[in-house]
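Here's a friendly walk through one protein model and the ligand it holds. Have a look at the sequence and the 3D view first, then read on.

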Amino acid sequence: MMVLGVESSCDECAAAVVEDGRRILSNVVATQEELHRPYYGVVPEIASRRHIETIQPVVELALKQAGLEAGGVDGLAVTCRPGLIGSLLVGLSFVKGMALALDKPLVGVDHVLAHLYAPHLEVDIRYPYLGLLVSGGHTLIARVESFDRIQVLGTTIDDACGEAFDKVAKFYDLGFPGGVAIDRLAQKGDDRAFRFPWPSLHKGDHPFDVSYSGLKTAVVNQLEQFRDPNRPATPENIAASFQKAAVDILVDRLLKAARHTGLDTVVAGGGVAANSYLRRRLAEERGLRVIFPSLKLCTDNAAMVAGLGYHLLSSGRRDGLELTAEARVPGLRRAYP
Ligand code: KG4
Ligand code: ZN
């Protein structure tokens, strides 16, 4: 079964063809990085306008690279939530048009679940396992029961992990996307130059939750307070020390969740899963089997949407033309979706 997937939840306009949820025949991503770089962040209005321009050529290229005519596709999958509403609507409307014109089955795909599905395109992984999803919009530690059911164990109580990377990079003018720039600079930095505070848990906070607002304030407003007097405040040292603090807290919560659930397989996904320190740090954890997707499948892409779409369609799920986009998914804590 050939599924065409389309992803437009943020600033990547992507289309892919995947066979039987596993074999990637094409995976096209048109990034808008250059467009948003002057603003150090994704500008929703600009993103949706660019999606309108790129969606058709991106889909055409994905079909061409897969060696298919549009009519050769057996099903259509499109990200419908969560994300920037204007951007989501572009992909959704386009794919609805295709479904109508081609008379093919359509299914809406959740972006969070699609990220968690991404490594399944490369490795055989048995459920259940512990999922770690860290991106610009999400920070989630979850017990993943199946391709469409997860139980969220921990999340962020304020900023998403990637958002913290992006904000620190913006403040110190380190580059865009912030996570990539910090990762690169940190490789030449000393992570002991600053000893940033560990977020303290408050009453009512969940033991697997993380928080980034305190760390961000420390890095942005109180830098000198946390500096080792013998080490300089270079951009490299700031990047390395911040990155260590941001990742160590995640690893701490993940290890606690592993002990709590007894699950010893961790599957990571999302843009921050491309971080080289996070990858190194988790690879060192004895007793944990950690699976990272390749870099191209960590960040936003449509192969993960087509892959998950195949399983949804195979299990009989269909959406009609009334399918709508949702910016947020409520009730993230208890059960998802
Ligand atoms: O999954 P993604 O492409 O889009 C969202 O769904 O958010 O993730 C983008 C996020 C951005 O915050 C970006 O700064 C971060 O992932 N990121 C990284 C790295 N590469 C991308 N963060 C840390 N280290 C990286 N190497
Ligand atoms: Zn994403």
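What follows covers the ligand site, then a few residues worth a look along the chain.

This is a predicted model, where local features need pLDDT of at least 70, side-chain atom pairs count only at pLDDT 80 or more, and totals for chains, interfaces and linings use all residues. Residues are numbered from 1 along each chain as its sequence is written, chains are lettered from A and ligands numbered from 1 in the order in which they are written, and side-chain values use heavy atoms, with hydrogens and water left out.

**Around the ligand**

Let's start with ligand 1, which has 19 residues around it, the closest being Gly136, Asp166, Gly179, Asp183 and Asn275 (a residue is near if one of its heavy atoms lies within 4 Å). That shell splits into 4 nonpolar, 12 polar and 3 charged residues, with Gly counted as polar and Asp, Glu, Lys and Arg as charged. Helices H4 (111–117), H5 (161–171) and H6 (178–186) each give at least two residues to the shell, and H6 has the largest share, with 4. Helices here are DSSP runs (H or I, at least four residues), strands are E runs of at least two, and both are numbered from the N terminus.

| Residue | Part of the residue | Distance to a ligand 1 oxygen |
|---|---|---|
| His111 | polar side-chain atom | 3.3 Å |
| Gly162 | polar backbone atom | 3.2 Å |
| Gly271 | backbone N or O atom | 3.0 Å |

On its own, ligand 1 exposes 560 Å², and the protein buries 89% of that (areas by the Shrake-Rupley method with a 1.4 Å probe).

**Elsewhere along the chain**

Ser146 is in strand E7 (residues 139–146), and its side chain makes a 2.9 Å polar contact with that of Asp148. Ser146 counts as buried because its relative accessible area is 15%, where buried means under 20%, exposed over 50% and partly exposed in between.

Ala274 is in the loop between strand E9 (265–269) and helix H9 (276–283). At 25% relative accessibility, Ala274 is partly exposed. Its C-alpha atom is 6.2 Å from that of Cys298, 24 residues away along the chain.

Now for the backbone. The peptide bond from Arg81 to Pro82 is cis, with omega near -25°, and a cis bond also joins Tyr127 and Pro128, with omega about -5°. Asp103 has a positive phi near 55° and is exposed at 69%.

Notes: Buried < 20%, exposed > 50% of the residue type's maximum accessible area, 1.4 Å probe, protein only. Polar contact = N/O pair within 3.5 Å; in protein donor to acceptor, adjacent residues only side chain to side chain.
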